Amino acid sequence: GRIVRHLKGPTDQGLHRVAWDLRYPAPDPVDLDPDSQRSPWARPPQGPLATPGEYRVSLALRRDGRLQETGQTQSFRVKPLKTSELVAEDPAEVLAFQQRIADLYRAVAGANGMVDELQSRIDHLMAALDQTPAATAEHGKRLRALRTRLLDLQVMLTGDRTRSKRAEPAPLPIRSRVAYLLDGYWSSRASVPGEYSESLAVAERQFEDARKALEDLLSDLAALERELESLGAPWTPGRMPQWESTSG
């Protein structure tokens, strides 16, 4: 009874075929302008493989904003191909581990996106300070401290680029650790290797610290934005402008 995947198909005249790739939805961030020139070795966004078993598929047509069921629900069976002795006896265990990777990857990718957004908000606020007569030097000091905290968070998530560019050893960042898990186990049907399980546990612990730091940073930045809004600062991204009508 659980929905595994939504697939969209063409609606113009004629016969059409829509195929399910036997995978769950990809955990990658939404991209409204995907790169059409993907490298041949690059992995397209994709979710973990579904387990063998019974599935049902139904068809619906969206017309005037409403979904209308059409045709009859069909059942089919996904069968395993035991092509190797390494294939796990319990595919549900493999799927559960891959879904843990997917959940963490989704969160880490989202945190990276938020870091970029926060960087833009801080940059805009720095420029707005010069155009806000009521702003003080203390506001600039607080904003620069937030920018330093954001840089520290970037190191946790994506690594110390200053050290890596000089071929100096640096701790493995969270994003790279999750990427290695994806590349190494995403399409595997083997039992979960011990080192993969340990690496995922490390990444989960590290990201919990990064997530807390991101939450605190977001809260402190929002508080400063509200202060600058009350001082009449020019609009910057992430702020809702305040305005009260003076007309009777």
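Predicted model: local features only at pLDDT ≥ 70, side-chain atom pairs only at ≥ 80, totals over all residues.

Biologist: OK, which crossing does α1 make as it passes α2, left-handed or right-handed?

Modeller: Left-handed. Helices here are DSSP runs of H or I with at least four residues, strands are runs of E with at least two, and both are numbered from the N terminus.

Biologist: And at what angle do the axes of α1 and α2 cross?

Modeller: Roughly 160°, and the axes come within 10 Å. Axes are lines fitted to C-alpha atoms, for helices over the stretch in contact, and angles run from 0 to 180 degrees between N-to-C directions. Angles over 145 degrees count as roughly antiparallel, so α1 and α2 are roughly antiparallel to each other.

Biologist: Which residues in α1 and α2 meet?

Modeller: Contact means heavy atoms within 4.5 Å. Among them are Val115, Leu118 and Ile122 in α1, and Leu143, Leu146 and Leu150 in α2. By class, that contact of α1 with α2 has 12 nonpolar, 6 polar and 3 charged residues. Ala, Val, Leu, Ile, Met, Phe, Trp, Tyr, Cys and Pro count as nonpolar, Asp, Glu, Lys and Arg as charged, and the others, Gly among them, as polar.

Biologist: Switching topic: how much space lies in the largest pocket?

Modeller: About 1800 Å³. Of its 40 lining residues, Arg5, His6, Leu7, Val57 and Ser58 are the closest to the centre. A pocket is an open set of points on a 1 Å grid over the protein atoms alone, where a 1.4 Å probe fits, with protein on both sides within 12 Å along at least five of seven lines; lining residues have an atom within 4 Å of a point. Points are joined across faces, edges and corners, and the volume is the space filled by probe spheres set on them.

Biologist: What gives the most to that lining?

Modeller: β1, with 10 residues. The lining of the largest pocket has 18 nonpolar, 14 polar and 8 charged residues.

Notes
Residues numbered from 1 in each chain as written. Heavy atoms only, no water. Parallel < 35°, antiparallel > 145°, perpendicular 65-115°, else oblique. Left-handed = near helix turned anticlockwise from the far one by under 90°.
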